Amino acid sequence: MQIDKNAYVEFHYALIDQGEVQEGTRSDDPLSYVHGYRMVVPGLEQAMQGRDAGDHFQVEVPPEAGYGERDESLIEVLPREAFEGMPGLKKGLLVQLEDENGEPTLARILDLDIREVKLDTNHPYAGQTLNFDVEVISVRPATAEEIADAEANLA
């Protein structure tokens, strides 16, 4: 079966930057998703279209089809007091914050001093071209429940 809308897909991937694997699933269980519901970055989902179990391929995904361009308005400065109870703050550290809706979001500390902490809430891969090495493990029709879950994620 070829990958098309409403296909349940399991695949392994490696995200490669300058020849080094940055992250991936090769040593873990494969990643799974229902195709056609934006459950993976758009450029990768597009590259998966029409593939079969056993296919192994590489794809380069530009920022606009990945995690988007960097948005400088997502750089913010918070008072150091907002991080009371969080020892070990340092430049480069990822911290979990709550957005204006109370949802958890990740931010990277860009700089800090005794008064304030400068944060970047862009996705860590925003503005980057992503190089994926992908192996499709299995493809089958998604169940009605899997499709309903995928549709719920779109909302």
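## Briefing: salt bridges, cores and a helix face

Asp-120 is a buried residue, with a relative accessible area of 9%. Here, buried stands for under 20% relative accessible area, exposed for over 50%, and partly exposed for what lies in between (1.4 Å probe, protein chains only). The model you are looking at is predicted, so local features need pLDDT of at least 70 and side-chain atom pairs count only at pLDDT 80 or more, while totals for chains, interfaces and linings use all residues. Residues are numbered from 1 along each chain as its sequence is written, and side-chain values use heavy atoms, with hydrogens and water left out.

**Salt bridges around Arg-70**

- The model has 6 salt bridges, each defined as a side-chain nitrogen of Lys or Arg within 4 Å of a carboxyl oxygen of Asp or Glu.
- Arg-70 is partly exposed at 38% relative accessible area, and its salt bridge with Asp-120 has its closest N and O atoms 2.8 Å apart.
- That pair ties together parts that are 50 residues apart in sequence, because Arg-70 sits in the loop between strand S4 (56-61) and strand S5 (75-79), whereas Asp-120 belongs to strand S8 (residues 116-120).
- Helices (H or I, at least four residues) and strands (E, at least two) are DSSP runs, numbered from the N terminus.
- Arg-70 also pairs with Glu-72, with 3.8 Å between the closest N and O atoms; Glu-72 is exposed at 54% relative accessible area.

- Asn-122 is found in the loop between S8 and strand S9 (130-141), and it is buried, with a relative accessible area of 6%.
- Its side chain makes a polar contact with the side chain of Asp-120 at 2.8 Å, and the side chain of Asn-122 also reaches the backbone nitrogen of Asp-71 at 2.9 Å.
- A polar contact is a pair of N or O atoms within 3.5 Å; within protein, one must be able to donate a hydrogen and the other to accept it, and residues adjacent in sequence count only if both atoms are side-chain atoms.
- Neighbours within four places in sequence aside, Asn-122 is in contact (heavy atoms within 4.5 Å) with Glu-69, Arg-70, Asp-71, Leu-74 and Ile-75.

- Arg-26, Asp-133 and Glu-135 are joined in a network of salt bridges.
- Arg-140 and Glu-146 form a salt bridge through their side chains, 2.8 Å from N to O; Arg-140 is partly exposed at 33% relative accessibility, and Glu-146 is buried at 19%.
- Glu-146 is one of the buried residues of helix H2 (residues 144-154), together with Ile-147 and Ala-150.
- The buried residues of H2 pack against strand S1 (7-17), strand S3 (31-34) and S9.
- On the face turned away from that buried side are the exposed residues Ala-144, Glu-145 and Ala-152.

**Nonpolar cores**

- A nonpolar core is a set of buried Ala, Val, Leu, Ile, Met, Phe, Trp, Tyr and Cys residues joined through side-chain atoms within 4.5 Å.
- In the largest one, with 22 residues, Val-9, Phe-11, Leu-44, Met-48, Phe-132 and Val-134 have the most contacts.
- S1, helix H1 (42-48), S4 and S9 are the elements that give two or more residues to this core.
- Another core, of 8 residues, lies apart from it and has Val-95, Leu-97, Ala-107 and Val-117 among its members.
- Not counting residues up to four places away in sequence, Val-9 touches Ile-3, Leu-31, Ser-32, Tyr-33, His-35, Met-48, Val-136 and Ser-138.

**Backbone and loop details**

- Most residues other than glycine have a negative phi.
- Asn-6 has a positive phi of about 70° without being a glycine; Asn-6 lies in the segment before S1 and is partly exposed, with a relative accessible area of 26%.
- Arg-38, also not a glycine, has a positive phi near 55°; Arg-38 is in the loop between S3 and H1 and is exposed at 61% relative accessibility.
- Glu-64, in the loop between S4 and S5, is exposed at 60% relative accessible area.
- Glu-64 and Val-41 are 23 residues apart in sequence, with 9.8 Å between their C-alpha atoms.
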